Amino acid sequence: MKFPGSVLISLVLFVAETATALCLSGAYRAAGDRMWQWLTLLFALLPCALVQLSLVFIHRDVSRDRPLVLLLHLLQLGPLVRCVEVFYIYFHAGRVEEPYVSITKKRQMPKDGYSEEVEKEVGQAEGKLCTHRSAFSRASVIQAFLGSAPQLTLQLYICVLQQEITAARSIFMVLSLLSIVYGALRCNILAIKIKYDDYDVSVKPTAYLCIFMWRSFEIATRVTVLVLFSSVLQIWILPVVLVNFFGFFFYPWILFWQSKSPFPENIEKALSRVGTTIVLCLLTFLYAGINMFCWSAVQVKLNDPDLINKSQNWYRLTVYYMLRFIENAFLLLMWYIYKTDIYLYVCAPLLVLQLLIAYCMAIFFMLVFYQFCHPCKKLFSSSVTEGLLSWFTFCFVCKSPKSSTLTDKADLKSSENADESQSSNKTIDSPNGNPHKSVSSNA
């Protein structure tokens, strides 16, 4: 039975970040910065409450008679209780013979074009641990992009305005960045396991390293760009954030309305239509929050029974990173034009170049992951390089007919001029085969 290390990492990051946020909020209160105090508390407690709701929802605690667990969730102690329960199950597994086991069938990764199906016995203890791992993975994503990402942006913004990085604030920012990167990593692994649920997926350490480097460069660059832009154009950061957020929030709903599919009813039997709508809105809210800072490996598809788009769309991935790179470059350009005196001792061109190179490094590690380290790369209909080459070829082919038409016209015009010099009334053939008379040189 696999050690539940992901549960322990999620709990440590959750507790450390929440405790540091409370301490830093107290420091802001002592310094008289009430606005920073309340914003720090808001970005700490709001995701904490959402984490409790997600754990209760996944484990269906409302429909079960567990009042003590519900009380601890209300006291924001749900992750601690769940972690204790996980390790209790792990260390007591195998001591008592289980009354029944379930049989799961998983296909191995194809070797030489063949894929074998392997049956595996899954006991009650292992099934419960799998449920806990899934719940903590989703909780880590919520904590990362609805709490840690806004928190990191806020604290870095305060550091820029006050031109000071304290020890407590630097520790808090490091914890927040680790939480975001870990949440993005869990999001990638969740996407892989959901898309390839029929296969026995094994993620190697090199894949984890590539994802970690990819997400670290991408998220750190994105947060820095937003902070730099907001520090010189405080009003204009609001439309940038709103356009990004609501664009990604409404995108799955627009696709759902265009598909004219029936409203999803199979999310949870105990939920009414209103409850289902609230759950879907929270899901798209989280989807928008993720895409604000990095590429969402999980693509929401509301007309799918699993609510996830399982197809590998290289075109959407390419468009996202191209537009995000252009947006980051534009925001850095605006910062460079309108930078204030607080950046007097900063080499602005060098900083812009470093941030753009860092984002390119994120794209590089992303390409390395999908090309060489993806655990299911053998199942791709086309690799990422083939997908990009076919997309660029398609763009080139779309332009080539126009260029060939212009070449034909130029050749025709040169032939007309040559014939006009010999005879003013000589007839030539056009490219479509219809003869016409050339214009006389004396006209």
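**Exercise 1.** Find the residues nearest the centre of the second largest pocket.

Solution. Phe43, Pro150, Thr153, Val241 and Phe293 lie nearest the centre, out of 26 lining residues. A pocket is an open set of points on a 1 Å grid, with protein on both sides within 12 Å along at least five of seven lines; lining residues have an atom within 4 Å of a point. Helices here are DSSP runs (H or I, at least four residues). The space amounts to about 810 Å³.

The model is predicted: local features need pLDDT of at least 70, side-chain atom pairs pLDDT 80 or more, while totals for chains, interfaces and linings use all residues. Numbering starts from 1 along each chain as its sequence is written, and side-chain values use heavy atoms, without hydrogens or water.

**Exercise 2.** Locate the largest cavity and state its volume.

Solution. The volume is about 120 Å³. In a cavity, a 1.4 Å probe fits but cannot get out. Of 14 lining residues, Ser10, Phe14, Ala139, Ser140 and Gln143 are closest to the centre. Helix 1 (5–31), helix 2, helix 5 and helix 6 (167–195) each supply at least two lining residues.

**Exercise 3.** Is Leu75 buried or exposed?

Solution. Start with position: Leu75 sits in the loop between helix 3 and helix 4 (78–92). Its relative accessibility is 52%, so Leu75 counts as exposed (over 50%; buried is under 20%, with a 1.4 Å probe and protein chains only).

Note on methods
Grid points are joined across faces, edges and corners, and a volume is the space filled by probe spheres set on the points.
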